[in-house]
Amino acid sequence: MEEARYPSVILDDTEYEDEAILPQRRPEAAELPPLLARARALAEGDFPASRQEIFLRQGRLLADYADDYPYTGDPVRYYPTYQSLTDEELRGYFTWRAKVRARQVEYAPLTFIFLYIYELINCIGVESAEEAYEQLLFVKRSYSTFGWAVSAYLDRWIPDFVVYYDLDPALLADSSEKGYNQCIHVLENMEREPRERVLDAVKQIAPKWIGRSRFYAAHFEDMDEVIYTVLKGMAAHYAAGCKRGLVDQLFGARLPGHMHIFSQAIFCNPLGRKNYQYTVDGMCVYSCENGIWTSKWRPVTSRSGRKLEALLKTIDHVMREEYAFGHPIRGDISLRWILKLITETTRALLAKKAEAEKNRIRIDFSLLNKIRSDADIIREKLVTEDDLEPDAPAMAPPPEAAATASPAAGLAQLSGPEARFLACQLQGGDTGWLREEGLMPSVLADAINEKLYDLFGDTLLDADGRPVADYVDDLKEMLSL
C-alpha cells in the first residue's frame, strides 16, 4: 500500500461557537433645523404623493427659509428636488439661495441652479409671476457661463412661463419662434404688406444664402425685385390651382401640435390649469384641454426655411446666367414653371433697365465751351458799328469758363517729395528716404489726397499711404509710369 502523498490535517481540540458581530459606530448626523425636518416629514406617510406634489408642498413650506451653513461640496443630481439632496447639501442649497435672492452671484453647483429654477417656474418664494420672470432672466444672465445647459433650458422654459402664467405677449419678443411665425404671417398676407416688409421677412427666415452670395452683394436691388415678384407669382399660382397656398408649400400647414410645456423640468402645475388658451398677436394660439397642451405655433427646427433657401439659391443661379455674371452655381429647384417664372421676371427687369438707359438724356459738358465761343462769333457778326453808341466802351470779352482740371495741372500741384512718394507707392519702391528727409508717409498722403481731390473727386491713398485700387491705372498714366 502506497503512503499518502500529502500529510494528514491535524485538528486540535478547540471548540468554536457562533459570535455576534458588533455594529460599527457611525458619526452622529448634525441635527436638522426644525423647519427642514418638518419638510422631510412631508414625504413620509401612509399615502405617498407624487414627486411633483411633494416638491410643491416642501417648496411652499420652505419658501422663506434661509440658512447659514458652510458647504463646499459639488453634488450632481438629475432633476433635483429637496428629497434628492442629503441634509448637508440641503442646508448648503438654502445658504446659497439666500444670497442669489439678494442678487449676490457666487459659484454654485448646477444641481443648486436647476433646483432654484424649478422653484421659480412653480412660483415658489415670489410674490407674483412677474417677479419670478425677472428672477429667471437674472439667473440666465448670471449663471449661463456656469454650464451651457442653463441657457439652453431657460431659452425654452421662459417662453413657456410667459404662456402658462398669462403674461404680456410682448415678453415673447426675443423668442425665436415668435419672430419666425411673425415673418411667416407677413408672407401669408403678402398682398397687403409693404414690399420692404415682405423682403425683410424673407431675409429673416432664410438668411444663409443671400448672406454669402457674391451676386447678391453686387446686385442686391435687382435680386430683391426678382425675389419679391417671383414670390407674388408663386403665391398667385398656388392660390389659383392648389389646395395649399405658398406658405403651406414652403413651411407646411399650421396644424395643432402636441406641446410639452416645461419639458424636462420639475413642474407641478401650481395653477391647476386644465382648460386654458393663450393667443399671441391674433395668430398663434396655445391651448390646454383636459390638461393636454397643443399649439398652432410653427416650431423652429433645423429644417425651418430650407425650401425658401433653395428658392433664393435658384433665383441667384438664374440671374447669374442672365446677367453673364460668371461664377456659376447650381440651383436647387428643378420645377419648370418656377424656373420659367424666374427667367421671365429677370429678363423683364433687364429689358426695363435697358429701356430706361436708352431714354436717359446725356449732356456732354465738354461741348459747352465750343457752344459759347461759336455764339460769341455769331454775335460779333450780327452787331454793326451803327449799333454801337459813340461813347460806349468796347465790349469786354466774356469771362472764360473755369478751366477744367487736367492730369498735368494736378501733377503740377504736387511737390517733389509728394510726387516721388506717390511714384514709390505705385511701383512698390523703397521709401526709406522719407526717414532721411524727416518726412512722414501719413502727412504726404494727406497732402496728395487734398491736392488731387478736385481731379478725381475721391480719396486716392488710404491712411497707410497705399493707393486705392480703383485709381492705380489713372495715377500711373498721370505720372507716365
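Helices here are DSSP runs of H or I with at least four residues, numbered from the N terminus. In this predicted model, T81 sits in the loop that joins α2 (51-61) to α3 (87-101). With a relative accessibility of 6%, T81 falls under the 20% limit and is therefore buried. Beyond its neighbours within four places in sequence, T81 touches R51, F55, L115 and I266.

Turning to helix packing, α4 (residues 110-121) and α5 (residues 129-143) meet at an angle of about 160 degrees, and their axes are 9 Å apart. Since angles over 145 degrees count as roughly antiparallel, this description applies to α4 and α5. Their crossing is left-handed. On the α4 side, the contact involves I113, Y116, I117, L120 and I121, which meet A132, Q135, L136, V139 and Y143 of α5. By class, the residues of this contact comprise nine nonpolar, one polar and no charged.

Aromatic rings deserve a look of their own: 28 aromatic pairs are found across the whole structure. In one of them, F114 and Y153 are arranged edge-to-face, with 5.7 Å between centres and 85 degrees between planes. Because F114 belongs to helix α4 and Y153 to helix α6 (residues 148-164), the pair ties together parts 39 residues apart in sequence. F114 is buried, at a relative accessible area of 10%.

Y276 and W293 also form an edge-to-face pair, as their ring centres are 5.9 Å apart and their planes lie at 65 degrees. Y276 is buried at 12% relative accessibility, and W293 is buried at 7%. Finally, ring pairs join F55, Y65, Y71, Y82, Y93, F94, W96, F112, Y116 and Y143 into a cluster.

How values were computed
Residues numbered from 1 in each chain as written. Predicted model: local features only at pLDDT ≥ 70, side-chain atom pairs only at ≥ 80, totals over all residues. Heavy atoms only, no water. Helix = DSSP H or I, 4+ residues; strand = E, 2+ residues; numbered from the N terminus. Buried < 20%, exposed > 50% of the residue type's maximum accessible area, 1.4 Å probe, protein only. Contact = heavy atoms within 4.5 Å. Axes fitted to C-alpha atoms, helices over the stretch in contact; angles between N-to-C directions. Parallel < 35°, antiparallel > 145°, perpendicular 65-115°, else oblique. Left-handed = near helix turned anticlockwise from the far one by under 90°. Nonpolar A, V, L, I, M, F, W, Y, C, P; charged D, E, K, R; others polar. Phe/Tyr/Trp six-rings, centres within 6.5 Å; stacked < 30°, edge-to-face > 60°.
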